[in-house]
Amino acid sequence: ADIILIAIGAQNLRSLCKQIALCPVEEKTFVLCMKGLEEHSGKRLSQVFNEEILQPVSLAIWVGPGHVQELVKNVPSCMVINSDNTYITKRVATIFNSELIRLYYGQDLLGSEIGAASKNVVGIAAGMLDGLNLGSLKGPLMARAPREISRLIKAMGGNELTVYGLSHIGDYEATLFSSYSHNRKFGEAFVKKERFDKLAEGVSTATALMVLSKRYNSELPICEAVYSIVKKGHPPRKALKNLFLRSTKYEF
């Protein structure tokens, strides 16, 4: 195959890449189809891939809204392809574009990766609001979460406007509201103290975002609240109260 798609749990990417590195894959194009960050390093998945695969290959990412349960029913969606190589971005998007999935050319690999990964943490927050019967706060969540993620993307050297595209806000309906969203369902189950056994990428991403928040001196109050609940055991309602007690600020 000339183009190889990878769709696995984000935390398993490095070990998979170590195996791929043992194979002759020169001139192949790899497309990462998952959304996450390496948990303890905060590294983007493209960074993990490039650290392990030293052969001359091309790399792109495929992110945006879409649940397989809907795609198999011919429910269309829009997604974005991104790479640090414009030719590869356009080639992959052109090959996979269809009546079912409209693909756009991304222009900010860093921003797309951070945006796509962080929306899973926002999805957990949305699920927690559902579990606490505070669904009306999803509106403020959708307004404020992109602001903190855009600041992080800018601090890291990306385009802060990327967060308002398909990789982040464009994926909110599928992540914050859908019954298929693992991250939303995890957040709801967590505050209800119910068991949830499926992969919720936002759990590991919350830790990674705390690494990036400290490294780039960029405040992430909503993501930090999710982290404090999931990783440190803070009571959900107390974490929410702490968000409301933050000093009053200008909206923009």
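This is a predicted model: local features need pLDDT of at least 70, side-chain atom pairs count only at pLDDT 80 or more; totals for chains, interfaces and linings use all residues.
The domain assignment divides the chain into domain 1, residues 3-105, and domain 2, residues 110-245. Taken over C-alpha atoms, the centres of domain 1 and domain 2 lie 22 Å apart. Contact between them involves 29 residues of domain 1 and 27 residues of domain 2.

The size of an interface is often given as the accessible area lost when the parts come together. Here, domain 1 and domain 2 bury about 2,100 Å² between them, and carbon and sulfur atoms give 60% of that area. Within domain 1, the residues that lose the most area to domain 2 are Lys35, Leu37 and Glu39, which together account for 28% of what that side buries.

Three salt bridges are counted between domain 1 and domain 2. The side chains of Arg44 and Glu113 also form a salt bridge, with 2.7 Å from N to O.

Turning to secondary structure, the side of domain 1 that touches domain 2 draws at least two residues from each of helix 2 (45-52), strand 3 (58-63), helix 3 (68-71) and strand 4 (77-82). Strand 4 supplies the largest share of this side, with four residues. By residue class, the side of domain 1 that touches domain 2 comprises 11 nonpolar, 12 polar and six charged residues.

How values were computed:
Residues are numbered from 1 along each chain as its sequence is written. Side-chain values use heavy atoms; hydrogens and water are left out. Domain bounds come from an automatic or database domain assignment. Contact means heavy atoms within 4.5 Å. Buried area is the accessible area (1.4 Å probe) that two parts lose on being put together, summed over both. A salt bridge is a side-chain nitrogen of Lys or Arg within 4 Å of a carboxyl oxygen of Asp or Glu. Ala, Val, Leu, Ile, Met, Phe, Trp, Tyr, Cys and Pro count as nonpolar, Asp, Glu, Lys and Arg as charged, and the others, Gly among them, as polar.
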